[in-house]
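Reader: I am new to this structure and would like to learn how to read its features, one at a time. Please give me the general idea first and then the case at hand.

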4 protein chains.
Amino acid sequence: MNAIDLNSDVGESYGAYTIGNDEKIMPYISSANIACGFHAGDAHVMRETVARALEHSVAIGAHPGLPDIGGFGRRNIDISPQEGYELVVYQIGALWAIAKAQGGKLHHVKPHGALYNMAAADQALAEAIANAVYDVDPNLVFYGLAGSALIAAGKKVGLKTASEVFADRTYQADGSLTSRRAPNALITDAKEASEQVLRMIQEGKVRTQQGTDVKIDAQTVCIHGDGAHAVAFAEQLKGELERHGITVKAGNS
Amino acid sequence: MNAIDLNSDVGESYGAYTIGNDEKIMPYISSANIACGFHAGDAHVMRETVARALEHSVAIGAHPGLPDIGGFGRRNIDISPQEGYELVVYQIGALWAIAKAQGGKLHHVKPHGALYNMAAADQALAEAIANAVYDVDPNLVFYGLAGSALIAAGKKVGLKTASEVFADRTYQADGSLTSRRAPNALITDAKEASEQVLRMIQEGKVRTQQGTDVKIDAQTVCIHGDGAHAVAFAEQLKGELERHGITVKAGNS
Amino acid sequence: MNAIDLNSDVGESYGAYTIGNDEKIMPYISSANIACGFHAGDAHVMRETVARALEHSVAIGAHPGLPDIGGFGRRNIDISPQEGYELVVYQIGALWAIAKAQGGKLHHVKPHGALYNMAAADQALAEAIANAVYDVDPNLVFYGLAGSALIAAGKKVGLKTASEVFADRTYQADGSLTSRRAPNALITDAKEASEQVLRMIQEGKVRTQQGTDVKIDAQTVCIHGDGAHAVAFAEQLKGELERHGITVKAGNS
Amino acid sequence: MNAIDLNSDVGESYGAYTIGNDEKIMPYISSANIACGFHAGDAHVMRETVARALEHSVAIGAHPGLPDIGGFGRRNIDISPQEGYELVVYQIGALWAIAKAQGGKLHHVKPHGALYNMAAADQALAEAIANAVYDVDPNLVFYGLAGSALIAAGKKVGLKTASEVFADRTYQADGSLTSRRAPNALITDAKEASEQVLRMIQEGKVRTQQGTDVKIDAQTVCIHGDGAHAVAFAEQLKGELERHGITVKAGNS
């Protein structure tokens, strides 16, 4: 593979509250997942974030979440697939208009937080979300956890999909992510994280916590925008990829 | 004039809470102003309301409001024109996607409640809102109080406009609505209300509380959907208009 | 037993939205569970509902719920016990002040909807909630599903408890409620519902869906305030209880 | 005067969002105005902030605001005095319970942001708020802008009041604050700010933008907790006051 997408969750500030380093991470990513006002973000933040993405030629994606500003969309809420469908349609539309008003267009959709995690393991919810994306615009790329119900649902519905992998998370023998509650869930060494990404791209494999290798489909890599070393790591990872002849760009568009 | 638009605010239920008689009013109106989740409505209610409008061939309009579910969008909030622009773009987009997912499209935008009233008297806010509508889709019809800053802003920005009049509100010598706090603000007699509408359409005039006539531009008539007699009045008014050879249909499309 | 408490969930209106028949149900109940603004209710509705309870000499209880107006507190949200503790303390305090400002005082606390159901089956959450109640006021009576983790937690923490039973729900052989998703979950015949209540009070038993009897502790009976026949049933049940020499009054105070 | 109160707005973080330097400002203030969940803060943040105040022996105050997390309570909302009464009672109660659960008690109430500014100039709203405080607990101290309707209302209602002055704001000849929209509204020089405070305390006067002196009643000084130099200024001001023999402590308790 000669190209890979680096994505990051941005636009998560809210009113007087600021989160993340959106301005600083933008130069190193190829696609931006922009919060749509349900778990983070508001109409003003969305507008500013779209402007920033356009300025950096970063692909604009909707990052719909559960209706839970107070919990940042990280708490599971027991919604029905129909509720999932509806809240995803709503949020994509909101960002679509904000992009259109600035001459921009949407490239992809990546569910956020608990919605992402719930749907990754719940086929009915995953299909409802994929249908929501398709019904708004069948040309949108559907981002989801590699090997999960999200990707299966996107393919079934007829969407282009992008399998997402993580630079700083460890994997289990069955290809799943190590739970954040488990020890060794996170890779804190930047070099190790870069090497994991490179191998996922070049060999389609990841070394698991059990010491075995497992196949993994890597089309987009999630880069965290907050945290003390996030920007430095993004810069380093992009450089490392380019030194290996891998172009950083949004795919499937 | 041989045609007039009858509009009504619908889709104002929220979660477990129901307001209005949307199903019953739909047969008598030609355009629906659908709440977009800020002052009322939610993604589910919006979806159901769009379906209902499509079923009755009623033109679908966004009804953006201030972010105030608790106050139903009726309390003035001191927002800047920029905030007004942003929240209108956001809300139009949300409804656009919900309509598109059902094969429908937006016809118009009418600001709600305090946002409508504030902008009717505030040129900067009115222009910000009109620009928001234009930037999302310049073909949308902009509904606003006849003779107000909203209509002036819509024309200035280059939008098609629809001047709104009220069947059950009385008017002042300067063409403004009698304040709801004043006595005689409301016309409770259905016959009197019908006659006021007919005269506004046929003669372009309304008799004011001062006993004088004032010119008024009537392109769309607001019909209230709630209240004990709302549906009966809507039915009667539509019948009365048709008996006078006036077709009820959404204009400018 | 010569006395029983009849409780009802009230104060669930919100802003311009009305739910329930609070005025009509008040004469037939002995304790009111008042929504505290997280799943329903607002400061104005709470104030009016407290006034109504004081007028009818009905015991005032806090009815804290999950932070989810849009879902009416009926959707499970995956909160930690600590979050449960905090949101219960907050909500009790809000109602306490509203009662105190009118010369009233709090009698009990009953968790609402998904919070009630989650805690009924989750000992850690139940204890967190019970501790919240105790820490605000150890004299408050803790209402919970008869035989559930809520009652166990209340007793462990040192609170007075009231075991709640339902007039219009059927029971399983293990003493649990029949799931609402199952057929026969609800008793729609008023006479049958009254008889179930009478037997639970007089014999401490309920006939289950499996045809067997199971012991049940009945100290407070939940009466629904909404629905077409709610008020009529409440009136009938109160009459039936009194005819059998059972006084309707809030207990443990 | 040998003592003065230094107050600061704290507990304004919300969910995943952090604002302010609460931990660092606490050692230099004598009273904390804690957000109550309407404009900022949530049950968890309130609990942590109360714990921090107790640890530093800082007087605990409720800082009720308008229901506007998205606008941080800084946008005027056209509420009625009755709505003002109700939302203040609610918020005081919430903080009361959170304090009580930790063995703490409330000392004062200071309205926040737009609610403070609106009430400072609106006698009916100011009296409604003062009545709300009184009805919850007549022993609470009522903080308000020196010389404003808030202080007048507090006195009229029978509350102990604390007239608030600002270290870093300039004043007009009529004793009002210079509008933030005007040039020279803020004092950015720390020494100048300290001197203004000292003179207000020692002489009861402030030099106005017009070059004249005006009398001012200074019982509590507002210190901002956010901003690059806020903590350093707080430390310096406290030191300066103590060097002049003025004790920093919450009054009227």
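Author: Let us begin with a salt bridge: the side chains of Arg199(D) and Asp213(D) meet in one, with N to O at 2.4 Å. Arg199(D) belongs to helix α7 (residues 190–203) of chain D and Asp213(D) to strand β8 (residues 213–215) of chain D, so that the pair, 14 residues apart, links distant parts of the chain. Before going on, please note that this is a predicted model, in which local features need pLDDT of at least 70 and side-chain atom pairs count only at pLDDT 80 or more, while totals for chains, interfaces and linings use all residues. Residues are numbered from 1 along each chain as its sequence is written, chains are lettered from A and ligands numbered from 1 in the order in which they are written, and side-chain values use heavy atoms, with hydrogens and water left out.

Reader: What is the general idea of a salt bridge, and how many does the structure hold over all chains?

Author: Side chains of opposite charge can pair when their charged atoms come close. The rule used here asks for a side-chain nitrogen of Lys or Arg within 4 Å of a carboxyl oxygen of Asp or Glu, and over all chains the structure holds 52 salt bridges.

Reader: Which residues are linked with Arg199(A) in a network of salt bridges?

Author: In chain A the network links Arg199(A) with Glu203(A), Arg207(A) and Asp213(A). Within it, the side chains of Arg199(A) and Glu203(A) meet at 3.0 Å, N to O, and both residues lie in helix α7 (residues 190–203) of chain A, four residues apart, about one turn of the helix.

Reader: Is Lys156(B), which also forms a salt bridge, buried or exposed?

Author: Relative accessible area decides this, with buried meaning under 20%, exposed over 50% and partly exposed in between (1.4 Å probe, protein chains only). Lys156(B), at 60%, counts as exposed, whereas Glu203(A) is partly exposed at 47%, as is Asp213(D) at 32%. At the other end of the scale, Ser31(C) in strand β2 (residues 31–35) of chain C is buried, with a value of 0%. As for the salt bridge of Lys156(B), its partner is Glu127(B), the closest N and O atoms being 3.0 Å apart.

Reader: How should I read the place where two chains meet, such as chain A and chain B?

Author: The size of an interface is often given as the accessible area lost when the parts come together. Here that loss, found with a 1.4 Å probe and summed over both parts, is about 1,900 Å² between chain A and chain B, of which carbon and sulfur atoms give 63%. Glu86(A), Tyr90(A) and Trp96(A) supply 31% of the area that chain A buries against chain B, more than any other three residues. Counting contacts instead (heavy atoms within 4.5 Å), 23 residues of chain A meet 23 residues of chain B. Two salt bridges cross between these chains, and Arg47(B) also pairs with Glu86(A) in a salt bridge at 3.1 Å, N to O.

Reader: How many salt bridges does the rule find across the interface of chain B and chain C?

Author: The rule finds zero salt bridges there. The area buried between chain B and chain C is about 990 Å², with 67% given by carbon and sulfur atoms, and in chain B the residues losing the most area to chain C are Tyr14(B), Ala16(B) and Tyr17(B), together 57% of what that side buries. The contact joins 14 residues of chain B to 14 residues of chain C.

Reader: How are chain B and chain C related to each other?

Author: Two copies of a chain are related by a rotation about an axis and a shift along it.

Conventions:
Helix = DSSP H or I, 4+ residues; strand = E, 2+ residues; numbered from the N terminus. Buried area = accessible area lost by both parts, 1.4 Å probe.
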